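Me: Hey, can you walk me through this structure? Keep it simple, please.

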Amino acid sequence: MIPVTIFAGRKLAVVGAGLSGLATARSLQEGGADVVLWDDKEAGRAQAAEAGFAVEDLSEADFGAFAALILAPGIPLTHPEPHWSVKKARAAGIEVIGDVELFFRAREASGIDCKVVAITGTNGKSTTTALTAHLLESAGRDVALGGNIGNAVLDLAPFAPGRVYVLELSSYQIDLTPSLKPDAAALLNITPDHLDRHGSLDGYASVKARIFAQLAPDATAVIGVDDVPCRAIAETLQGPYAVKRISIGQTVQNGVWASDATLMEMEGGKEVARADLAGIGSLRGAHNWQNAATAYALARSQGVAPDVLQEGLRSFGGLAHRMEQVAKAGKVLFVNDSKATNADAAGKALGSFDTIYWIVGGVAKEGGLAGLEPFYPRIARAYLIGEASDAFAGQLGDAISHVACETLDRAVELAAADASQSQADEPVVLLSPACASFDQYPNFAKRGDAFKELVMQRNGVTSLSE
């Protein structure tokens, strides 16, 4: 835990009693603050009370008694309209901040020379964050990994000289962090997402761009330039910090670009180092080349040598449920991509393999499978599960051979049998549902775990996990 002492002796309101809210309350209480929690959901209030915190209905409270409102990132700050607690805080003239803001203020107050590497973007930020931490750890650095990736920032190890904090930050977290000042920052990409919380694509992009707003002269900005919003932001980054651009398929003057599973590091238009991604299953596909290029640039900003990074890339196991290579049975590869809960995410996996036996379905998002048509030639057959089965059968029509399976166990059984008869060099049974899981599983992780269990129960499979 990182104790936050800057509010010692003062009263604070914490709204949202989830992972970050409870970590925030613990940290502030440890630092001497008087903390009052509230959650709009009864389960959250019960969890906070069980953890021993004071729980009060803050809708009835005088916010003038509080030094600040600490808001959980999942609660609306501005759009579609501010949460009632935000309105009360603003009326009382107190600041509204998040746990990441407390982290940065506490670091500043500590005076300890530790580093922060912050990563954001619409897609790929969890893989990039995990890979960046892995590369730094492989180089012998003392690393703390957290933020939006699962470990609340205030639950991380206390500040220590030389420690590197690698943080995944969502747009919601950035919006609540006016003192955001990392030593290296990356923006992977921007596509329309969370527009209900930011009002427009421009609003969303402007929040993402704040990750660079306060960089010091010795800091590094890493930015993908393969989408229009990020290219526009890149044009505004004039230093005094270093700017490293990331691209797939197009060379850059300064930064890292990728082509044919190879990363090229560039300085002044000249290649100075390269890294090979060929054969690294956890970094398969062009989208993962972008993730790897970004992580490479961030690790280089912290002084890690290219040859050390090559070894680190090769030992990266990847994230669970994101193109996770589960097992092989003969030449058939089983891949768990349960985290692909929409068509755009599923497209990343479909573009990474050539002969696919695709398990798809669940609770469909708006548009269903629209946009995946370019990947259809790669799909040998689709196995439809869950609530979306009928709708997806209609969308696929005669374009792809498909079969209604209803349940995941039936889909795995049929897909594995068909793949075993394939003449391809590496047929792939791919769970990439393009859907939420809530019709049959409580979350994508439980769905992915079920897939892995079903695969490992089959005869003749060899696990690819550690």
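This is a predicted model: local features need pLDDT of at least 70, side-chain atom pairs count only at pLDDT 80 or more; totals for chains, interfaces and linings use all residues.

Me: OK, how many salt bridges does the structure hold?
Reply: There are 21 salt bridges in the structure.

Me: Which residue does Lys87 form a salt bridge with?
Reply: Lys87 pairs with Glu81, and their closest N and O atoms are 2.7 Å apart. Lys87 is partly exposed, at 43% relative accessible area, and Glu81 is partly exposed too, at 48%. Here buried means under 20% relative accessible area, exposed means over 50%, and partly exposed is in between (1.4 Å probe, protein chains only).

Me: And what about Arg163 and Asp142?
Reply: Their side chains meet in a salt bridge, 2.9 Å from N to O. Arg163 lies in the loop between strands E7 (143-147) and E8 (164-168), and Asp142 in the loop between helix H5 (125-138) and E7, so the pair ties together parts that are 21 residues apart in sequence. Those labels are DSSP runs numbered from the N terminus: helices (H or I, at least four residues) and strands (E, at least two).

Me: Is Arg163 buried or exposed?
Reply: Arg163 is buried, with a relative accessible area of 15%, whereas Asp142 is partly exposed at 34%.

Me: New topic. Where is Asp227?
Reply: Asp227 sits in the loop between strand E10 (220-224) and helix H9 (228-236).

Me: What does Asp227 do at the end of H9?
Reply: Asp227 caps the N-terminal end of H9, with a side-chain oxygen 2.8 Å from the backbone nitrogen of Cys230. A polar atom of the Asp227 side chain also lies 3.2 Å from the backbone nitrogen of Ile190. For polar contacts, the N or O atoms must be within 3.5 Å; within protein, one must be able to donate a hydrogen and the other to accept it, and residues adjacent in sequence count only if both atoms are side-chain atoms.

Me: Which residues in H9 are buried?
Reply: Cys230, Ile233 and Ala234 are buried in H9. Seen down the axis of H9, the buried residues fall within an arc of 105 degrees, so they line one face of the helix. That arc is taken from the directions from the helix axis to the C-beta atoms.

Me: What do they pack against?
Reply: The buried residues of H9 pack against strand E9 (184-187), helix H8 (201-209), E10 and strand E11 (242-248). Contact means heavy atoms within 4.5 Å.

Me: How does E9 run next to E10?
Reply: E9 and E10 run parallel, joined by four bridges. Ala186 has Val222 as its bridge partner in E10. Two strands pair if DSSP finds at least two bridges between them.

Notes: Residues are numbered from 1 along each chain as its sequence is written. Side-chain values use heavy atoms; hydrogens and water are left out. A salt bridge is a side-chain nitrogen of Lys or Arg within 4 Å of a carboxyl oxygen of Asp or Glu.
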